[in-house]
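Please open the model in your viewer and keep the selection panel at hand.

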Amino acid sequence: MNFEHTEDRRMLSDMLRRFVTEQYDFATRERNAQSSEGYSVQFWRRYAELGAIGALFTEADGGLGGAGFDISVVFEALGRGLVVEPFLDALMVGSAIAQAGTPAQREALDGLIAGAITAALAQAEPDSGYELERVTTRAERSGDGWVLNGSKAVVAAGEHADLFLVSARTSGADDDVDGISLFLVSAGTPGLTLRGYGLIDGGRAADLSLANVKLAPEALLGEAGGGHALLERAVGRGILALCAEAVGAMDCARDATLEYLRTRRQFGTPIGSFQALQHRMADVLLEIEQARSAVINAAAALDHPDRATRERALSAAKFTIGRIGTLVAEESIQLHGGIGMTWELPLAHYAKRLVMIDHQLGDEDHHLRRYIALAQA
């Protein structure tokens with residue numbers, strides 16, 4: 001297999017890295033992350049103009065790429081700048097719309113790619129853990145339409161999203177794979193309320209409450225009761241994106257730590273000359289390359305027709321990223337010493353983001369169990 005990126009992907013990677021380096025410095029990132037929106041609308045539109053959002057979707061869907069390696073290229077560049085704009089949910093919601101949306105629903109996809117709107121995935125619930133099939137929010141028929149009741153937790157950028165993709169159960173028990181349906185819900189729909197709050201690694205999220213939310217029949221995305229497979233494919237793309245983002249963040253943490261080891265002096269010599277620290281740093285470098293290989297494997301398997309092959313590769317990558325991301329965060333902080341814990345040093349924020357990526361869309365324990373179950377099945 002040829003692991004080299006195409007010329008178009010190399011150009012996209014170089015352009016995004018240059019933009020993040022020159023236009024999205026740490027001070028800008030912090031200003032965006034601590035704003036009332038939790039991100040910058042202006043930067044969201046600028047990323048759209050650069051084609052960063054379009055690269056996440058196929059040409060048939062109005063985008064510029066859409067393959068696994070396109071997603072990994074974009075999110076690795078975003079990870080280097082700890083970008084807080086809502087790319088992840090745009091990818092997952094947009095992927096679901098692209099796969100099952102009607103012509104009218106696909107108009108929202110055009111708005112996403114253009115940076116004109118934002119979307120948020122409202123799937124997790126207060127007691128659901130990481131299981132996609134554990135859905136207690138209920139959707140019941142009301143004439144030709146639907147009525148939704150329930151709650152959703154930690155919806156990224158939910159306070160200011162224009163569109164929500166909500167999972168709700170139309171039949172079956174709370175943990176059945178069958179019976180889950182997906183609905184597109186516009187912000188401001190009567191009965192939909194939000195409670196926003198800041199996130200520990202920057203940006204904002206919201207908890208959603210749905211009380212007798214009445215939806216038209218065209219709000220249903222795909223087939224009623226068949227939403228689990230659609231949700232799994234969309235979340236799978238999100239898992240790959242998070243893993244690639246983590247690799248970009250690891251690279252920056254590595255570079256910052258190497259620079260510190262070269263410049264920090266003790267006993268009249270750079271601490272990077274101490275053999276014990278060299279050994280620890282060598283282990284970090286090897287582990288980062290292992291993480292990069294796992295992302296490459298997941299990107300190659302993203303569109304594999306066999307579900308087990310695809311999902312095993314994604315869970316293997318997420319498990320690897322969770323373990324290695326925590327290792328890189330801990331070693332980078334320890335090799336910096338006390339200064340590594342200071343708020344003013346960007347490294348502390350890279351370490352925090354790496355730890356939190358492990359907990360998004362399933363931590364390493366969850367994906368290890370999932371990988372084993374897929375292998376046995």
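Select helix H5 (residues 87–100) and helix H6 (residues 107–114), whose axes come within 9 Å and cross at roughly 150 degrees. Helices here are DSSP runs of H or I with at least four residues, numbered from the N terminus; axes are lines fitted to C-alpha atoms over the stretch in contact, and angles run from 0 to 180 degrees between N-to-C directions. H5 is therefore roughly antiparallel to H6, a term for angles over 145 degrees. The crossing of H5 past H6 is left-handed, that is, the near helix is turned anticlockwise from the far one by less than a right angle.

This is a predicted model, in which local features need pLDDT of at least 70, side-chain atom pairs count only at pLDDT 80 or more, and totals for chains, interfaces and linings use all residues. Residues are numbered from 1 along each chain as its sequence is written, and side-chain values use heavy atoms, with hydrogens and water left out.

Now display the side chains between H5 and H6. Ala90, Gly94, Ile97 and Ala98 of H5 make the contact with Ala108, Leu109 and Leu112 of H6, where contact means heavy atoms within 4.5 Å. This contact of H5 with H6 has 6 nonpolar, 1 polar and no charged residues. Ala, Val, Leu, Ile, Met, Phe, Trp, Tyr, Cys and Pro count as nonpolar, Asp, Glu, Lys and Arg as charged, and the others, Gly among them, as polar.

Next, select helix H9 (residues 307–336) and helix H11 (residues 364–376), which pack at about 150 degrees with their axes 8 Å apart. H9 and H11 are therefore roughly antiparallel to each other, and their crossing is left-handed. Residues in the contact include Arg307, Glu311 and Phe319 of H9 and Glu364, His367 and Tyr371 of H11. By class, the H9 contact with H11 holds 6 nonpolar, 3 polar and 7 charged residues.

Move on to helix H4 (residues 68–80), which packs against H7 at an angle of about 40 degrees, the axes lying 7 Å apart. H4 is therefore oblique to H7, and H4 passes H7 in a right-handed crossing. Among the contact residues are Phe75 and Arg80 of H4 and Arg237 and Cys252 of H7. The contact of H4 with H7 divides into 8 nonpolar, 4 polar and 6 charged residues.

Finally, select Phe26, Arg80, Gly81, Cys252 and Tyr350, the closest to the centre of the second largest pocket among its 17 lining residues. By class, that lining has 10 nonpolar, 3 polar and 4 charged residues.

Definitions and conventions. Helices (H or I, at least four residues) and strands (E, at least two) are DSSP runs, numbered from the N terminus. Angles under 35 degrees count as roughly parallel, over 145 as roughly antiparallel, 65 to 115 as roughly perpendicular and the rest as oblique. On a 1 Å grid over the protein atoms alone, a cavity is a set of points where a 1.4 Å probe fits but cannot get out, and a pocket is an open set with protein on both sides within 12 Å along at least five of seven lines; lining residues have an atom within 4 Å of a point.
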